[in-house]
Amino acid sequence: MIEIRHLTKKYGSHVAVSDLNLTVEKGKIYGFLGPNGAGKTTTMNMITGYLAPTEGEVIINGHDILKEPEEAKKSIGYLPELPPVYPDMTVGEYLSFVAELKGIKKTERKESIADAMKLVKITDRERQLIKNLSKGYKQRVGLAQALLGMPEVIILDEPTVGLDPKQIIEIRDLIRGLGKNHTIILSSHILTEISAVCDHIFVISKGKLVASDTTEGLEKRFAGGNQMEVTVKGGEEKAKEIIKKIKGVESVRVLERKEAGTCTLQIKTRKKDVREDLFYALAEAEMPIYGLNSGVKSLEEIFLTLTGENNLEEEKIKLQDSINEMDEKSEVSKEEVTEEVETEEVETEGSVDTDESDL
């Protein structure tokens with residue numbers, strides 16, 4: 001349905017999108033995921049023909065968006081991040097105006113507008129001024145204009161930005177419903193939004209495509225099979241010593257200490273399932289397990305890894321490890337000093353006794 005080949009956009013020396021290649025198939029909801037400034041909106045604008053690429057091409061249903069813009073755009077409905085509505089028009093007037101711009105035949109306009117309003121549930125707002133609508137309803141009006149003419153592909157750029165939780169849920173439900181009869185491309189930096197409605201995810205970072213897969217596929221790819229986290233009740237040093245003795249455990253480190261008398265530890269193993277041995281070892285030491293994570297990364301963690309934004313988190317972990325190591329060394333030093341002082345005191349007492357006997 002849509003083929004993007006070697007798509008590149010440069011602004012002077014700045015490369016906003018770099019050699020992007022991807023294919024969008026019919027009948028799916030695609031998520032275009034990336035941090036702010038990753039190049040998502042620039043890519044959306046090139047797909048829809050609002051922006052010309054520096055290099056590369058966009059083919060929609062066999063039509064090049066630059067060489068055959070009219071034919072290509074017939075298959076696309078676009079909702080930008082800011083809905084392109086005219087506040088002093090009524091909903092009906094605005095949709096009639098857009099239908100005319102899109103070249104929809106006069107005999108078909110009324111039915112097309114009615115169908116679009118029905119789909120996004122704004123039929124009862126037809127005679128209301130757009131400026132008097134809530135942000136959620138303005139978003140619905142923007143979505144209705146994208147649906148006029150019932151294009152095969154609907155492209156939505158950050159469709160829930162600025163909406164309250166109830167409005168977000170309503171828009172997500174609308175997108176799921178539209179996905180039954182349309183191909184949807186949804187651009188967002190909100191992970192929950194992407195995971196909630198999308199069948200396939202494209203992850204873009206610094207203008208480049210860094211991953212293309214389903215949510216389940218990404219989770220499998222980044223599953224930490226030889227790593228787990230366990231939360232236990234009791235002291236972390238005692239827990240570390242017990243876990244280290246379990247066959248197959250490679251290393252143990254403290255991730256978090258909690259006020260409730262629990263601690264969370266990260267365990268790395270030699271690709272061996274140690275959960276059963278872990279349970280019995282901690283149970284014997286009367287240290288209840290409050291939580292056990294098998295190492296499957298969340299979408300948030302995968303996103304940070306793919307976009308290279310987990311460096312700060314890794315530095316925090318390394319710093320915490322260094323602090324823990326320093327604490328351990330400090331405890332050892334205190335014990336050594338205490339032993340030395342006690343030894344000196346004993347020796348001093350011994351020498352005093354000897355002197356007194358001589359007297």
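# Report on a predicted structure

## A nonpolar surface patch

A patch is made of residues with over 30% relative accessible area and no salt bridge, like charges being joined within 9 Å and nonpolar side chains (Val, Leu, Ile, Met, Phe, Trp, Tyr) within 5 Å. Accessible areas come from the Shrake-Rupley method with a 1.4 Å probe, and for residues only the protein chains shown count as cover. The structure is a predicted model, in which local features need pLDDT of at least 70 and side-chain atom pairs count only at pLDDT 80 or more, whereas totals for chains, interfaces and linings use all residues. Residues are numbered from 1 along each chain as its sequence is written, and side-chain values use heavy atoms, with hydrogens and water left out.

Phe279, Tyr280, Ile289 and Leu292 together make a nonpolar surface patch of about 390 Å². Helix 10 (275-284) and strand 14 (289-293) each contribute at least two residues to this patch; helices (H or I, at least four residues) and strands (E, at least two) are DSSP runs numbered from the N terminus. Ile289 belongs to strand 14. With a relative accessible area of 30%, Ile289 is partly exposed; buried means under 20%, exposed over 50%, and partly exposed in between (1.4 Å probe, protein chains only).

## The open sheet

An open sheet of 6 strands has the order 6-7-8-3-9-10, and its pairing is mixed. Two strands pair if DSSP finds at least two bridges between them. Strands of a sheet pair through backbone hydrogen bonds, either parallel or antiparallel. The edges are strand 6 (76-79) and strand 10, each of which pairs on one side only. On average, neighbouring strands of this sheet are turned by 15° against each other, direction ignored; axes are lines fitted to C-alpha atoms, for helices over the stretch in contact, and angles run from 0 to 180 degrees between N-to-C directions.

Tyr78 stands opposite Ile155 of strand 7. Helix 5 packs on the sheet, where it touches strand 6 and strand 7, and its direction makes about 165° with that of strand 6. Contact here means heavy atoms within 4.5 Å. Helix 6 lies across strand 3 (29-33), strand 7 and strand 8 (183-188), and runs at about 150° to strand 8.

## The hairpin of strands 9 and 10

Strand 9 (residues 200-205) and strand 10 (residues 208-213) are paired antiparallel through 5 bridges. The bridge partner of Ile204 in strand 10 is Leu209. The two strands form a hairpin with 2 residues between them, and in the turn Lys206 has a positive phi of about 55°.

## Salt bridges

A salt bridge is a side-chain nitrogen of Lys or Arg within 4 Å of a carboxyl oxygen of Asp or Glu. By this rule, the model contains 10 salt bridges. One of them joins the side chains of Arg5 and Glu3 at 3.1 Å, N to O. Another joins Glu57 and Arg5 at 2.9 Å, N to O. Glu57 lies in strand 4 (residues 55-60) and Arg5 in strand 1 (residues 2-11), so this pair ties together parts that are 52 residues apart in sequence. The residues involved are partly exposed: Arg5 has a relative accessible area of 32%, Glu3 one of 35% and Glu57 one of 26%.

Glu170 and Arg140 also form a salt bridge, their closest N and O atoms being 3.1 Å apart. This pair links distant parts of the chain, with Glu170 in helix 6 (residues 165-178) and Arg140 in helix 5 (residues 135-147), 30 residues apart. Glu170 is partly exposed at 28% relative accessibility, whereas Arg140 is buried at 7%. Salt bridges with shared partners join Glu3, Arg5 and Glu57 into one network.

## Two individual residues

Ala52 is placed in the loop between helix 1 (40-47) and strand 4. At 41% relative accessibility, Ala52 is partly exposed. Apart from neighbours within four places in sequence, Ala52 is in contact with Lys9, Met46 and Leu66. Ala52 and Leu66 are 14 residues apart along the chain, and 7.5 Å separates their C-alpha atoms.

Thr262 lies in strand 13 (residues 262-269) and is buried, with a relative accessibility of 6%. Residues up to four places away in sequence being left out, Thr262 touches Thr231, Val232, Lys233, Gly234, Arg257 and Tyr290.
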